[in-house]
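Me: I'm new to this one. Can you put it up and walk me through it?

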Amino acid sequence: SFSSFAYWVDVIQKLADDVGIPKSLSEAGVKREDIPFLAESAFNDACTPGNPRDASKEEIIAIYESIF
């Protein structure tokens, strides 16, 4: 049904597939050795203090690794 969460997840996933959105950082061309720089950049970004949860650089690296 249209009100089902799973239905909308499937719709959005199909749209992402149809338009070619990468499913991982590696599919997007990111190299594993880029992750520390990306984490440092994210940690120092002016918008970081507005996040609902504080994160250390190590936690940001772990997030990037999980989607690599």
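Reply: Here is a short tour, from the overall fold down to single residues. Keep in mind that this is a predicted model.

Me: What is the radius of gyration, against that of a compact globule of 68 residues?

Reply: The protein has 15 Å. A compact globule of 68 residues would come out near 11 Å.

Me: And what box do the C-alpha atoms fill?

Reply: Roughly 40 × 30 × 20 Å, taken along the principal axes.

Me: How many of the residues count as buried, in percent?

Reply: 13% of the 68 residues. The accessible surface comes to about 5400 Å². Carbon and sulfur atoms hold 63% of that surface.

Me: OK, the core. Which residues make up the largest nonpolar core?

Reply: Six residues: L25, V30, I35, A39, I60 and Y64. Two elements give two or more residues to this core: α2 (35-44) and α3 (57-66). As background, nonpolar side chains tend to be buried together in soluble globular proteins.

Me: Stay with I35. What is I35 in contact with, leaving aside neighbours within four places in sequence?

Reply: I61, Y64, E65 and F68. Y64 is also one of the residues of the largest nonpolar core.

Me: What about P36: where is P36 found?

Reply: P36 sits in helix α2. P36 has a relative accessible area of 47%.

Me: Why is P36 called partly exposed?

Reply: Because its 47% falls between the 20% limit for buried and the 50% limit for exposed.

Me: How far apart are the C-alpha atoms of P36 and C47?

Reply: They are separated by 18 Å. Along the chain, P36 and C47 are eleven residues apart.

Me: Now over to A62. Which helix holds A62?

Reply: A62 has its place in helix α3. A62 is partly exposed, with a relative accessible area of 43%.

Me: And where does A62 stand relative to A39, in sequence and in space?

Reply: The two are 23 residues apart in sequence. In space they are 9.1 Å apart, C-alpha to C-alpha. A39 is one of the core residues.

Me: Contacts in general, then. Of those between residues at least 6 apart in sequence, what percentage join residues at least 24 apart?

Reply: 47% of them.

Me: Last topic, charges. How many positive and negative ones are there?

Reply: The protein has 6 positive and 12 negative charges. Their mean positions are 3 Å apart.

How values were computed
Residues numbered from 1 in each chain as written. Predicted model: local features only at pLDDT ≥ 70, side-chain atom pairs only at ≥ 80, totals over all residues. Heavy atoms only, no water. Rg over C-alpha atoms; globule rule 2.2 N^0.38 Å. Buried < 20%, exposed > 50% of the residue type's maximum accessible area, 1.4 Å probe, protein only. Contact = heavy atoms within 4.5 Å. Areas by Shrake-Rupley, 256 points an atom, 1.4 Å probe, with all protein chains shown as cover. Lys, Arg positive; Asp, Glu negative; His and termini not counted. Charge placed at Lys NZ, Arg CZ, Asp CG, Glu CD. Core = buried A, V, L, I, M, F, W, Y, C linked by side-chain atoms within 4.5 Å. Helix = DSSP H or I, 4+ residues; strand = E, 2+ residues; numbered from the N terminus.
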